[in-house]
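I opened my notebook to go through this structure one feature at a time.

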Amino acid sequence: MILIIKRELIYIWYYFEVLLGQIFWYWVTGMAIGSAVSVFAKDKIHGRFEKMNGSRLGALGVIPACLLGIASPLCMYGTIPVAASFANHGMRHDWLAAFMMASVLLNPQLIIYSAALGPAALAVRIVSCFLCGCTAGWLVMLFYRDKPFFDFSGFEEPTSRDTDPNLLLRYLKNFGRNIKATGPYFLVGVLLSVLFQLYVPKEYVTALFGGNRAWGVLMAATIGVPLYACGGGTIPILRAWMAQGMSLGSAAAFMITGPSTKITNLGALKIVMGMKKFLAYILFTVVFAFAAGMITNLVL
């Protein structure tokens with residue numbers, strides 16, 4: 001028994017090292033770029049969005065708002081106080097919805113992480129997240145044209161932690177916080193992906209998530225709600241599932257419901273949306289993820 005356990009641990013460690021070597025640099029590069037954007041470009045991105053206020057773009061303003069949301073390095077808890085500041089200056093709520101939805105779904109760091117899944121999955125993630133953000137903005141414009149959608153009462157703009165006068169130290173401190181925040185999830189994700197590959201038969205994953213079947217896409221969209229913890233941690237798991245037969249459409253569905261229903265994100269959104277609109281947000285996320293997954297499978 002001891003020899004069997006020892007042998008299995010050796011197998012796990014070997015495959016852990018192999019997988020870690022394959023995706024480690026995506027993680028490091030993603031953190032390096034994410035920290036650079038946070039330290040050197042965040043204020044410019046938010047300033048560009050603020051300059052849209054008062055423009056006559058109308059419904060088309062959702063598009064640049066969504067793009068700026070993707071470019072923003074903030075998580076939802078960081079995005080909401082910034083959005084509250086924009087709202088206090090009169091920013092349209094449909095533009096805010098697009099900005100916030102895109103921001104929670106994707107950021108520069110997560111784009112680099114997702115490259116580890118291959119060019120097709122990366123392209124699908126970028127396009128589907130962009131369209132999800134735009135759709136959210138247009139729905140808010142359609143149903144809440146003359147009344148506010150969000151309630152930012154009590155929120156104040158957050159105090160920046162990137163204040164060191166030395167730019168290099170400012171960047172290194174941000175990079176260190178990034179490692180601390182994502183590192184444990186990333187390593188756990190690598191370990192789980194190894195366990196999936198070693199002990200979960202490929203046929204099971206293919207049967208659950210494979211092919212063009214609506215059931216596989218729906219399952220992926222559904223499990224994204226409770227399972228998603230951190231973008232860096234889910235990339236290794238998705239990579240393992242896709243290697244075992246998960247369809248690209250199922251992966252796309254998971255990549256939408258996962259970050260948009262992350263527990264910390266839901267807690268923040270519940271505060272500014274209220275229960276009725278919060279439930280509508282959950283329904284919208286799952287329906288859009290399912291549709292995006294089905295279309296991806298049909299097209300690709």
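**Aromatic pairs.** I paired rings of Phe, Tyr and Trp (its six-membered ring) if their centres lie within 6.5 Å; planes under 30 degrees apart count as stacked, over 60 as edge-to-face and the rest as tilted. My search of the whole structure found 17 aromatic pairs. The rings of Phe49 and Phe86 have centres 4.9 Å apart and planes at 85°, so I noted this pair as edge-to-face. Phe49 sits in helix 1 (residues 2–51) and Phe86 in helix 3 (residues 76–88), so to speak 37 residues apart, and the pair links distant parts of the chain. Helices here (H or I, at least four residues) are DSSP runs numbered from the N terminus, as strands (E, at least two) are.

**Ground rules.** This is a predicted model: local features need pLDDT of at least 70 and side-chain atom pairs count only at pLDDT 80 or more, while totals for chains, interfaces and linings use all residues. Residues are numbered from 1 along each chain as its sequence is written, and side-chain values use heavy atoms, with hydrogens and water left out.

Are Phe49 and Phe86 buried or exposed? I took buried as under 20% relative accessible area, exposed as over 50% and partly exposed as in between (1.4 Å probe, protein chains only). Phe49 is buried at 0% relative accessibility, and Phe86 is buried at 4%.

**A second pair.** For Phe209 and Trp241 I found ring centres 5.3 Å apart and planes at 40°, so this pair is tilted. Phe209 belongs to helix 8 (residues 202–209) and Trp241 to helix 10 (residues 231–243), so the pair ties together parts that are 32 residues apart in sequence. Phe209 is buried, with a relative accessible area of 4%, and Trp241 is buried too, at 6%.

**Other ring features.** Phe24, Trp25, Trp27 and Phe186 form one aromatic cluster. I also checked for a charge over a ring (NZ of Lys or CZ of Arg within 6 Å of the ring centre and within 35 degrees of the ring normal). Lys277 lies over the face of Phe149, 5.1 Å from the ring centre.

**Helix 4 and helix 6.** My axes are lines fitted to C-alpha atoms, for helices over the stretch in contact, and angles run from 0 to 180 degrees between N-to-C directions. Helix 4 (residues 93–105) packs with helix 6 (residues 119–143) at about 155°, their axes 7 Å apart. Angles under 35 degrees count as roughly parallel, over 145 as roughly antiparallel, 65 to 115 as roughly perpendicular and the rest as oblique. Helix 4 and helix 6 are therefore roughly antiparallel.

**Cys129.** Which residues does Cys129 touch, not counting residues up to four places away in sequence? My list has Cys66, Leu105 and Leu106. Cys129 is in helix 6 and is buried, at 1% relative accessibility.

**Gln244.** I found Gln244 in the loop between helix 10 and helix 11 (248–260). Gln244 is buried, with a relative accessible area of 7%. Leaving out residues up to four places away in sequence, Gln244 touches Phe196, Gln197, Val200, Pro201, Lys202, Val205 and Thr206.

**Helix 11 and helix 12.** The axes of helix 11 and helix 12 (residues 263–299) come within 8 Å and cross at roughly 175°. That makes helix 11 roughly antiparallel to helix 12. Among the residues that meet, I noted Leu248, Ala252 and Ile256 in helix 11, and Leu266, Tyr281 and Phe288 in helix 12.

Conventions
Contact = heavy atoms within 4.5 Å.
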